[in-house]
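Let's take a walk through this structure together.

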Amino acid sequence: MIDKFRAKFVEESMDNLHDLEEALFLLEKDMENKELIERIFRAMHSLKGGGAMFGFNHLSDFTHHLETIFDWVRNGKLKVSTDLISLTFSAIDQINFLLKTGDLSKEEDIQNQKVFIQRIQAFLTVTNSPSDAASVNTASDQEAGESEEKSYLISFIPQKELLQNGTNPLYLLDDIHALGDALSIAYTHKVPSLEVLDASANYCIWQVLVSTAESINEIKDVFIFVEDECELHVDLIAETAIVGQPEVKALVSKALSSNILLTPDDFKKGQWAPKSQQPAVRDEKKKVAVKEHKISSMRVSSHKIDELVTLVSELVTIQAQLSLYAENNEDPTIVSLTENIQKLSRQLRENAFDISLIPLQSELMRFQRLVRDLSKDQNKDIDFIIEGGDLELDKNIIENLTDPLLHILRNSIDHGIELPDERIAAGKAPKGTILFKAFHSGANVIIEISDDGKGIDPEVILQKAIHKGLVEADVQLDKKEILDLLFVSGFSTRDVVSDVSGRGVGMDVVRRKIANIRGEVTIESEKGKGTLISIRLPLTLSIIDGLLVAVGSNQYVIPISAIDKIYALEPSQLKQSFNNVVVIDSEQYPYIDLRKVFQEEEKESAEVIQMIMVKAEDKITGVIVDNVIGEYQTVVKPLGKYLKKQEIISGASIMGDGTIAMVIDTSRLLHNRKLKK
Amino acid sequence: MEAHDITLLSFQIQEDTFAVDALQVDHILEVPPVITSVPNTPSFMKGVINLHGNIIPVVDMRIILDKKDITNGADTSIIVINPTDQQDARLGVLVDMVKEVIETKRELLKETVLEGKKGMIDTFEGTLVLNDEFIHVIDLKNLTEVVVK
């Protein structure tokens with residue numbers, strides 16, 4: 001049971017951490033922003049509180065120190081600085097680590113944590129005193145712990161169910177005691193006799209008198225996790241520290257013997273009040289869940305979504321069967337019913353796929369982090385701009401996209417953007433820019449990563465490719481073809497494998513990974529000006545609009561998105577052509593006969609030749625098929641591990657009549673052909 | 001010990017009897033009218049079939065075992081295996097005839113005597129002698145490796 005809660009806590013904390021990181025990025029740009037500081041503080045507070053509650057003691061301890069820093073920041077005792085932000089970033093990594101491992105057991109880890117905490121504490125003692133003397137004053141006051149202290153009466157009246165959520169009220173009291181001098185009073189008069197006592201219920205009421213320099217909000221924050229399960233009052237009873245004074249003790253013992261709760265009024269009669277005595281901000285009753293809590297989003301396990309999408313895919317298949325049946329049985333009732341079902345299933349499908357989309361944003365944080373850390377490491381100054389981060393993509397695509405994108409970004413920082421001096425020498429602004437841009441284009445999503453760095457010298461690439469024996473020495477290639485060599489396996493621009501990019505793998509892996517999610521990657525670069533890498537991706541993986549064609553005895557699906565035009569040609573038009581080039585509208589196009597590719601026997605001469613013009617990597621190639629059957633929306637199913645080596649076929653699709661049509665991966669088809677040539 | 005009990009599904013390929021671990025068998029199917037061939041695959045890969053909306057590749061065990069004179073008859077069947085320790089690894093295996101389910105003890109399996117390779121298969125889990133008949137138990141892990149190659 002508790003494991004389940006722990007898992008939930010970890011999951012939520014990851015969200016918190018994510019939020020924290022995001023706020024930190026914003027804070028870096030706007031160091032004075034109070035709201036952000038508050039947000040960071042909140043996130044840390046939740047981590048600390050939750051950590052203690054779910055047995056992540058090291059986590060709780062660690063975040064406590066961080067929280068203190070940001071408490072100082074929020075009270076103006078400490079200024080936000082770049083150092084502080086860097087420290088917090090590394091702290092986030094540590095928290096991440098702690099969340100994953102739980103409490104530390106290795107001596108080494110514990111030592112590391114200690115060192116880290118000391119670094120944090122160093123911030124508190126140095127009091128990086130930039131400006132106002134006042135802030136220094138309050139800081140020292142805190143140590144002396146006198147004049148700024150006020151006294152509060154906290155009445156904590158929990159409901160019976162308090163203990164059922166695993167809350168230990170004594171921890172809360174401990175927290176209060178940590179704020180300053182405190183005196184707790186426990187009223188136990190409501191505890192029933194043993195026969196009727198419910199061991200899982202809470203019968204106690206507590207009151208705490210505390211003298212502290214912390215604000216009233218700080219005190220309330222302690223109870224933040226139980227606010228729905230208790231009645232809580234926090235009242236200012238004196239402007240000075242009164243805990244420990246004999247009069248107070250008398251009041252307390254009187255309250256205990258009479259079992260009558262202390263009220264703020266009891267303290268009014270006291271002698272210690274120099275200033276106005278009104279109970280400050282009487283907290284509204286938090287007991288009832290008056291807050292109208294609207295749930296605008298909910299968390300669903302990705303497993304359930306996958307299942308939904310699978311079911312919808314099945315439905316689409318069955319629905320196609322039904323349509324076929326209706327077509328053949330010209331019964332008007334069935335036809336109209338089928339049409340309605342078709343409409344519904346289409347809507348359902350769109351909805352289901354919409355649900356399975358997640359915003360790119362969720363991964364961008366990692367990229368920002370990478371850019372920040374790497375540029376600091378390499379003393380490069382880089383402005384990382386993101387456009388279109390709210391774009392949504394299929395979860396499976398995003399999962400497969402992260403590594404290639406990280407690699408591309410690393411390349412940009414590593415090899416693209418120059419050091420500030422070099423940039424100035426080249427007549428550029430010292431600060432480099434990496435622009436990450438995502439946008440829709442038809443049924444595709446395009447992601448572009450561009451930098452204004454030194455670009456790629458085609459000559460260097462070509463020499464290297466010749467040196468590695470990837471191309472012949474006397475080869476004639478245009479610039480685009482040369483840049484394409486970067487994607488050939490066995491090509492890596494750096495001889496030395498650096499820690500950052502070029503871990504022995506290069507752009508060939510990027511291209512392969514992107515191809516796995518049916519995407520395409522291209523590169524453009526201008527020497528001295530920068531590089532642009534663009535990735536074209538399908539919106540979703542599992543359903544495509546396809547053109548059904550026949551070749552030999554089989555049916556195949558060609559994705560519509562790859563098709564430019566379809567021509568019906570006279571056989572004579574082919575005969576005139578030589579070297580597999582066809583002339584259409586006085587333009588020359590290379591062509592492929594699918595029968596040859598699929599090793600089917602040659603077809604006897606047909607009257608019309610169906611030529612489908614397919615575009616891939618900016619080139620148009622003709623593909624000859626036997627027959628064009630029609631346009632279908634199909635669910636692409638994987639072929640499984642045994643047919644993974646099958647390169648040209650990217651999956652299979654079940655047609656309405658239960659037969660199977662194979663889905664052709666056009667870019668692989670054209671690519672393979674190029675290699676053969 | 002109970003853990004030593006094994007359940008086998010035996011099948012016939014021409015004059016020989018083989019078996020697979022019954023716990024890793026998903027379905028036994030008749031040969032459908034069409035097995036959609038996949039271009040550019042080795043000859044033992046017969047193609048793919050549609051099994052309840054899933055695409056299952058089918059291999060011809062007779063070709064894998066290097067048999068000649070292959071004919072399909074009324075008894076020809078597809079055994080769909082699903083090796084539990086692997087992902088999306090369902091595979092249809094075409095055999096001449098499915099025979100029976102045998103419950104036996106692992107201790108009774110004798111080491112299979114192989115003179116060289118049996119077609120493309122290089123190891124068997126063992127051989128069971130039952131009513132004077134040799135039943136060779138196919139090592140599914142080995143089989144799937146052969147197919148992936």
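Chain B has 149 residues, and 34% of them count as buried. A residue is called buried if 20 or more other C-beta atoms lie within 10 Å of its own, exposed if 12 or fewer do, and partly exposed in between, with the C-beta atoms placed from the backbone. In chain A, which has 677 residues, 31% count as buried.

A quick word on what you're looking at: this is a predicted model, where local features need pLDDT of at least 70 and side-chain atom pairs count only at pLDDT 80 or more, while totals for chains, interfaces and linings use all residues. Residues are numbered from 1 along each chain as its sequence is written, and chains are lettered from A and ligands numbered from 1 in the order in which they are written.

Back to chain B, then. What is it built from? There are 2 helices and 10 strands in chain B, and from the N terminus on they run β-β-β-β-β-α-β-β-β-β-β-α. Helices (H or I, at least four residues) and strands (E, at least two) are DSSP runs, numbered from the N terminus. Chain A, for its part, has 21 helices and 21 strands.

Next, contacts along the sequence. Two residues are in contact if their C-beta atoms, placed from the backbone, lie within 7 Å. Take contacts between residues at least 6 apart in sequence: in chain B, 55% of these join residues at least 24 apart.

Now for the sheets of chain A. Strands of a sheet pair through backbone hydrogen bonds, either parallel or antiparallel. Here, two strands pair if DSSP finds at least two bridges between them. One open sheet has 5 strands in the order S6-S8-S9-S11-S10 (chain A), with mixed pairing. Its edge strands are S6 (382-387) and S10 (520-526) of chain A, each pairing on one side only. From one strand to the next, the twist averages 15°; angles run from 0 to 180 degrees between N-to-C directions, and axes are lines fitted to C-alpha atoms, for helices over the stretch in contact.

Let's zoom in on that sheet. S6(A) and S8(A) run parallel and are joined by 6 bridges; Asp383(A), for instance, has Thr433(A) in S8(A) as its bridge partner. S8 (residues 432-441) and S9 (residues 444-451) of chain A run antiparallel, with 8 bridges between them. Look for His440(A), whose bridge partner in S9(A) is Val445(A). Helix H14 (residues 395-416) of chain A packs on the sheet, touching S6, S8, S9 and S11 (530-538) of chain A, and its direction makes about 20° with that of S9(A).

There's another open sheet to find in chain A, this one with 4 strands in the order S2-S3-S1-S4 and antiparallel pairing.

Where do the two chains meet? The contact takes 20 residues from chain A and 19 residues from chain B. On the side of chain A that touches chain B, H11 (302-328), S20 (649-654) and S21 (660-664) of chain A each supply at least two residues. S20(A) gives the most, with 3 residues.

Finally, have a look inside. A nonpolar core is a set of buried Ala, Val, Leu, Ile, Met, Phe, Trp, Tyr and Cys residues joined through C-beta atoms within 7 Å. The largest one has 75 residues, and those touching the most other members include Ile558(A), Met662(A), Val59(B) and Val93(B). S21(A) supplies the largest share of this core, 5 residues. Why does this core lie between domain 3 (302-356) and domain 5 (543-676) of chain A? Both domains give residues to the core, so it lies between them; the domain bounds come from an automatic or database domain assignment. Apart from that core lies another, of 33 residues, among them Ile397(A), Leu409(A), Ile456(A) and Ile535(A).
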